[in-house]
Amino acid sequence: MAKFQKVKVAVVGCGMISEIYLTNMTQNFEILEVVGCCDIIKERMERRATQFNIKQMTIEEILNDKSIELVLNITDPVNHNLVSTQVLNAGKHLYSEKPIDLSIEAARGLAQLADKQGLLFGNAPDTFMGEAIQTARFYIDAGLIGEVTSVYATLNRDAGILAERFPFTAFPGGGIGLDVGVYYTTALLSILGPVKHVAGFVQTRNPERTHFLPNRDNFGEKFTLQAENLVVGSFEFVNGIYGSMTFNSCCIQNELPQIVMYGTEGILYMPDPNRFGGEVKVILKGHTEPVTLQPTHGFAENSRGIGPAELAWALRRGRKPRTSKEMAFHGLELLLGLYDSCETKKFYEMTSTFERPEPIPRGYLGKNYMGSTPEAGIAI
């Protein structure tokens with residue numbers, strides 16, 4: 001590949017998910033040069049800075065450092081707006097963890113601010129650029145199952161166990177819809193395009209809970225589950241395809257995630273969209289048993305960080321990133337539209353749209369991409 005100037009990036013938020021981001025961004029994506037990290041909890045910042053040999057920085061130092069072009073915001077959902085606004089106002093490109101924000105109005109404000117500043121604004125999840133979803137898209141676009149007519153997405157979890165292990169899941173932004181359902185909606189949107197309207201039901205069942213792990217300091221204490229744990233919805237894509245979803249964390253913890261696409265010539269089964277890899281299966285007309293399709297793309301391993309790297313390539317190439325703020329906003333509006341529909345008992349009409357992102361070019365499997373570096377696919 002031609003010579004390029006690396007994009008200097010700083011990370012705000014050094015919680016659990018930061019480790020895989022930093023591992024990949026410092027080892028697997030040479031377009032990025034990670035220079036520093038920041039966290040309100042000093043011990044977490046010190047741990048990551050030492051682990052990855054990067055600088056401990058305050059948010060003010062990151063915002064004032066003119067050499068830093070891109071900031072990765074992986075704070076808790078309730079802090080996304082504060083940090084994202086600061087980053088954009090400082091004139092820096094932004095990649096944020098999901099959700100883009102906790103309200104449609106706030107998310108729209110961030111998108112408008114990025115446009116006003118002339119900045120790139122990408123948003124997680126980036127799993128749709130992984131092996132499984134790109135493979136599914138390739139076969140669907142090629143017409144393997146004919147014309148897609150409907151889709152179904154489902155996931156089960158246990159909100160009680162999750163609230164003990166990951167406390168943020170009990171608070172706004174950490175529910176089964178905004179925290180996990182977004183992987184499913186992003187996968188569907190990236191393949192099938194925008195949605196026209198939605199209808200849904202949303203609950204927070206049995207919100208009053210008691211901490212039950214005896215080895216924790218909060219054992220026996222009461223708390224209130226503030227996030228949704230049951231989301232059921234239906235929606236119609238602009239292209240006429242019907243979809244339905246069930247996200248249920250009032251269930252058991254051994255997850256059985258699935259996305260099924262029904263077509264005129266067959267049925268395609270996609271694996272967990274919260275992962276990058278997994279088997280894509282199909283049943284074609286005249287057959288009764290599913291077969292596993294050969295993967296057409298790479299990035300089967302945990303590749304979190306491919307989103308910021310792809311955005312950095314978009315910056316250097318002068319194009320739009322695949323993890324566009326428009327698709328992220330549309331996905332958020334879809335989920336929050338379900339909540340609105342539940343309250344009003346009416347269809348929610350979508351106000352936004354987006355352009356379906358370009359697929360990752362074929363060819364990168366394993367460690368080679370047409371004789372070039374593994375990054376070549378996301379650089380194009």
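1. Lys-345 counts as exposed because its relative accessibility is 64%; exposed means over 50% relative accessible area, buried under 20%, and partly exposed in between (1.4 Å probe, protein chains only). Lys-345 sits in the loop between helix H10 (325-344) and strand S17 (348-349). Its phi is near 60°, a positive value in a residue other than glycine. Helices (H or I, at least four residues) and strands (E, at least two) are DSSP runs, numbered from the N terminus.

2. On provenance: this is a predicted model, in which local features need pLDDT of at least 70 and side-chain atom pairs count only at pLDDT 80 or more, while totals for chains, interfaces and linings use all residues. Residues are numbered from 1 along each chain as its sequence is written, and side-chain values use heavy atoms, with hydrogens and water left out.

3. Asn-53 also has a positive phi in a residue other than glycine, near 55°. The loop that holds Asn-53 runs between H2 and strand S3 (55-56). With 72% relative accessibility, Asn-53 counts as exposed.

4. Two cis peptide bonds should be noted by anyone checking the backbone. One runs from Lys-98 to Pro-99, with omega near -10°; Pro-99 is in the loop between S5 and helix H5 (104-117). Another joins Ala-124 and Pro-125, where omega is about 5°; Pro-125 lies in the loop between strand S6 (121-123) and helix H6 (131-141).

5. As to the overall fold, the protein has 11 helices and 19 strands. Its radius of gyration is 21 Å, close to the 21 Å that the globule rule gives for 380 residues, so the protein is as compact as a globular protein of that length. The radius is taken over C-alpha atoms, and the rule is 2.2 Å times the number of residues to the power 0.38. Along the principal axes, the C-alpha atoms fill a box of roughly 60 × 60 × 40 Å.

6. Buried residues make up 54% of the 380 residues. Among contacts (heavy atoms within 4.5 Å) between residues at least 6 apart in sequence, 73% join residues at least 24 apart.

7. The largest nonpolar core has 105 residues, of which Leu-32, Phe-237, Met-261, Leu-268 and Met-270 touch the most other members. Helix H8 (residues 176-192) gives the largest share of this core, 11 residues. Apart from it lies another core, of five residues, among them Ala-159, Ala-163, Ala-170 and Phe-223. Such a core is a set of buried Ala, Val, Leu, Ile, Met, Phe, Trp, Tyr and Cys residues joined through side-chain atoms within 4.5 Å.

8. Beyond residues up to four places away in sequence, Leu-32 touches Lys-6, Val-7, Val-9, Met-25, Leu-70, Gly-305, Pro-308, Ala-309 and Ala-312. In helix H1 (residues 18-27), Met-25 is buried, as are Ser-18, Tyr-21, Leu-22 and Asn-24. The cover over the buried residues of H1 includes strand S1 (7-12), strand S2 (32-38), helix H2 (42-52), strand S4 (70-73), strand S5 (93-96) and helix H9 (306-317).

9. Leu-256 is in the loop between strand S12 (242-248) and strand S13 (258-263). Its relative accessibility is 61%, so Leu-256 counts as exposed. Neighbours within four places in sequence aside, Leu-256 is in contact with Thr-154 and Asn-156.
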